[in-house]
Amino acid sequence: MSGSGGALLLLAALLGAPAGAQPAGEAACRPVRAAFQVLQPGAKWVPESPVPGSDLQVCIPKGSTCCSRKMEEKYQATARLNMEQLLQSASMELKFLVIQNAAVFQEAFEIVVRHARNFTNSMFRTHYQSMGPRALKFVGELFTDVSLYILGSDISVNDMINEFFDSLFPLVYSHLINPGFPDPSMEMTECLRAARRDLKVFGNYPKVMMTQVSKSLQATRVFLQALNLGIEVINTTDHLKFSKDCGRALLKMWYCSHCQGLLLAKPCASYCGVVMQGCLAGVVEIDNHWREYIGSLEGLTKGMHGIYDMEHVLLNLFSLVRDAIVYVQKNEGKLLTTISRLCGHAQQRQYRSANYPEDLFVDKKVLKVTHIEQEETLSSRRRELITKLKSHSSFYSSLPEYICNHSSAVQNNTLCWNGQEVVERYSPQITRNGAKAQPGNHEVKMKGPEPVISQIIDKLKHINQLLKGMALPRRKAPGKTPEEEEEGESGDCDDEDDCGGGSGDGELRVRNQLRFLAELAYDLDMDDTAANKQLLNQQSKDSAVVPSSNPGSADPRPGPATAIALVLLLLGHRP
C-alpha cells in the first residue's frame, strides 16, 4: 500500500467512515444521528441505517447516505446561519468602531452647542444686564436651531441667524441705544426688525456669522451623516439574504460530508475560497466604494479647522455677537436719526458726556480666557477615528478569506473535503473577487447584482459626492495661525463694514478645545426651558440638563467636567 493510500485510510478511520467513505450497516449512521440531535433535539429524521437518498437535492450520494430530505433542509438553514454569524463576527470590530464614534461625536457636538449657548447667555447676563433676561430667549432659540440642524432638520442657517439679529435689534435699541425709550410697541418692533436688515445696523457681523456657522455646521452634519451611513452599510451586509445557489453551496461545503459519516471532514481552503467568492461576489463589489468612502471622510476631517470646525466657531460665537452690539453702539448717533425718520417713534435721548458707558461693555480682563495647549479636541478624535477606519479599508475585499480562515478550512488543501469526497490534495480553481470574475465559478452561479447591494452602493456614491463636494481647505497656510486663517478664509469683511471693531487687544478667543471646557467657570444655563424641551422631543437620548427652578442656586447635577470626561471616556481616553 502506498503512503498516500495509507494516509487516506487513516483519515477515513479518524473521520468515522469506512475506507470507501460509504455508510454501511446500522452502526454507520449512529454518529450522524448523535451529531444531528445537537442541531435538532428530538428529531427523528435520521435514518436508522444507510438509505439510497434519492430524494436529496444537494448532498447527492454516489451510493448510500445517512441523510434524509428534512435533514438536508435543516443543514442548509444551519449553513446559512453559520454564514451570517461569520459575517457578523468579521464586522464586529468595525461596526463597534463606527457606532461608538457616531454616538459619541453626536453627544460631543451637543455638549459644544450647550456650552456655546451658555457662553453667550453669560455674556448677556453679566455685561448687558438690562436686556439680558429677554435676550436669553433669542439665544436659546438660535442654539436650538443649531442643534436641530446638526441632527438633520431642514433649517436654513441664514434664516436662523437673520431671525436672531432681527429679534436682538429691538432690545439693543430700547436698552442700549435709546435707554429712555419705553418698550416698543408691536408696530415699532416690526419697524426695527425691518430696519435692521435695510440699514445693516450690525455691520457685516451677521454675514460673517452666517459664513462661519454655515460652513462649520454643514461640515459637521455631513460628517455625522457619513458615520450613520457607514453603520447602515455594515448592518446591511451583516444581514444579507443569500441566493439559493449560495445556500446550496454552503450546505455542500459544510454539511454534505456528514451524510457520508465524515463528521470531522473539513473543507479545503481553496474550495472554501471559491464558494465564498461566489456567495460574496456582490458584497465585494462594495469594496471600491468603501475605500473611496474612507478616503473622502479623511479629506473632510482634514479640512475641518478654522471656520469649518464647529467647535472653534460656536465657542467663539458670543464674541461675534458682542462685537456686533459694540458696532451698533459706535454708530448710535446716526442710527437714532435714521430710525426716527423711518419709524417715527424714536426720540433723541439727551447726549451723555460718555458715549459708551463702561457698564454696557464687556470687561475684557474679566472674561479673558487663558489659552491651553491642544489636548483632547474633537479634531484629534476625528484623526484617530480615520486612522482606525483606514485599517479596515480592505474589509469587503478580505471577507472571503476571513470567513474561510474562521470556518476550520484546511489551509494546505490536503486530506480535505472538496464538496463530494475527501481528497488527498485539492487543485484550486483560479478565481478572483467580484461579480465580473464569477462566470467561471462552478460552485456558485451569479444571477446579476442583488438589489440591496445596489442600493448600498448608490448611497455610498451619494455620500462620497457630498464629502468631496464640501471642498474644504486641506492644508494650513504657511506661517498662519488658525485664527489668521479663519479671517483670511471668510472674506466677508471690508473696511467700510468695520468688522474688526469692538474687540481690540482684549479680543476674547476660545481655543478649539473640548477638554478645557471643564476648566471654565461657566455654569450650565438652566434658563432655556423651551429650548431644552424641543431638543428632548427631537432626540430622546439627548443629555440636556433638566432646567432648574432657581438658576442661581447650586446645581447638584454633574457639571461640564463630568460631561466632557464621560464623552472622552466613551472614546477610550481618560482626561
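**Pairing, burial and contacts in a predicted model**

Trainee: Which residue in S2 is the bridge partner of Cys 416?

Mentor: The model before us is a predicted one. Strand S1 covers residues 414-417, and strand S2 covers residues 422-425. The bridge partner of Cys 416 is found in S2, and this partner is Val 423.

Trainee: How many bridges join strand S1 to strand S2?

Mentor: The two strands run antiparallel. Cys 416 has its own bridge partner, Val 423. The number of bridges that join S1 to S2 is 3.

Trainee: Which residue in the hairpin of S1 and S2 takes a positive phi?

Mentor: Between the strands of this hairpin there are 4 residues. One of the residues in the hairpin has a phi near 100 degrees, a positive value, and that residue is Gly 419.

Trainee: Where is Ser 408 found, and what is its phi?

Mentor: Ser 408 is found in the loop between helix H18, residues 399-405, and S1. Ser 408 is partly exposed, because its relative accessible area is 45%. Although Ser 408 is a residue other than glycine, its phi is positive, near 60 degrees.

Trainee: What is the phi of Lys 200?

Mentor: Lys 200 lies in the loop between H6 and H7. With a relative accessible area of 40%, Lys 200 is partly exposed. Lys 200 is not a glycine, yet its phi is positive, at about 50 degrees.

Trainee: How far apart in space are Gly 203 and Ile 325?

Mentor: Gly 203 is found in the loop between H6 and helix H7, which covers 205-238. The relative accessibility of Gly 203 is 8%, and therefore Gly 203 counts as buried. Along the sequence, Gly 203 and Ile 325 are 122 residues apart. In space, C-alpha to C-alpha, they are apart by 9.6 Å.

Trainee: Is Arg 193 buried or exposed?

Mentor: The place of Arg 193 is in helix H6, residues 186-199. The limit for a buried residue is a relative accessible area under 20%. Arg 193 has a relative accessible area of 19%, so the word that applies to Arg 193 is buried.

Trainee: Which side chain does a polar contact of 3.0 Å join to that of Arg 193?

Mentor: Leaving aside neighbours within four places in sequence, Arg 193 is in contact with Glu 163, Asp 166, Ser 167 and Pro 170. A polar contact of 3.1 Å joins the side chains of Arg 193 and Ser 167. The polar contact of 3.0 Å joins the side chain of Arg 193 to that of Glu 163.

Trainee: Where does helix H3 bend?

Mentor: Helix H3 covers residues 69-127 and has 59 residues. From its first C-alpha to its last, H3 reaches 83 Å, close to the 87 Å expected at 1.5 Å a residue. The bend in H3 is about 50 degrees, and it lies at Met 92.

Trainee: Which residue has its backbone oxygen 2.7 Å from a polar atom of the side chain of Asn 101?

Mentor: The place of Asn 101 is in helix H3. Asn 101 is buried, because its relative accessible area is 5%. A polar atom of the Asn 101 side chain lies 2.7 Å from the backbone oxygen of Leu 97.

Trainee: How many residues does H3 give to the largest nonpolar core?

Mentor: The largest nonpolar core has 144 residues. Phe 124, Leu 250, Met 276, Leu 280, Trp 290 and Leu 297 have the most contacts inside it. H3 gives the most to this core, and its number of residues there is 20.

Trainee: Which residues does Leu 280 touch?

Mentor: Leu 280 is one of the residues with the most contacts inside the largest nonpolar core. Residues up to four places away in sequence are not counted here. On that basis, Leu 280 touches Met 83, Leu 87, Phe 242, Leu 399, Pro 400 and Ile 403.

Trainee: What percentage of the residues in the protein is buried?

Mentor: The secondary structure of the protein comes to 22 helices and 2 strands. Among contacts with a separation of 6 or more, residues 24 or more positions apart account for 82%. Of the 575 residues in the protein, the buried ones make up 53%.

How values were computed:
Residues numbered from 1 in each chain as written. Predicted model: local features only at pLDDT ≥ 70, side-chain atom pairs only at ≥ 80, totals over all residues. Heavy atoms only, no water. Expected span 1.5 Å × (residues − 1). Bend = angle between axes of the 7 residues up to and from the residue. Core = buried A, V, L, I, M, F, W, Y, C linked by side-chain atoms within 4.5 Å. Buried < 20%, exposed > 50% of the residue type's maximum accessible area, 1.4 Å probe, protein only. Contact = heavy atoms within 4.5 Å. Pairing = 2+ DSSP bridges. Polar contact = N/O pair within 3.5 Å; in protein donor to acceptor, adjacent residues only side chain to side chain.
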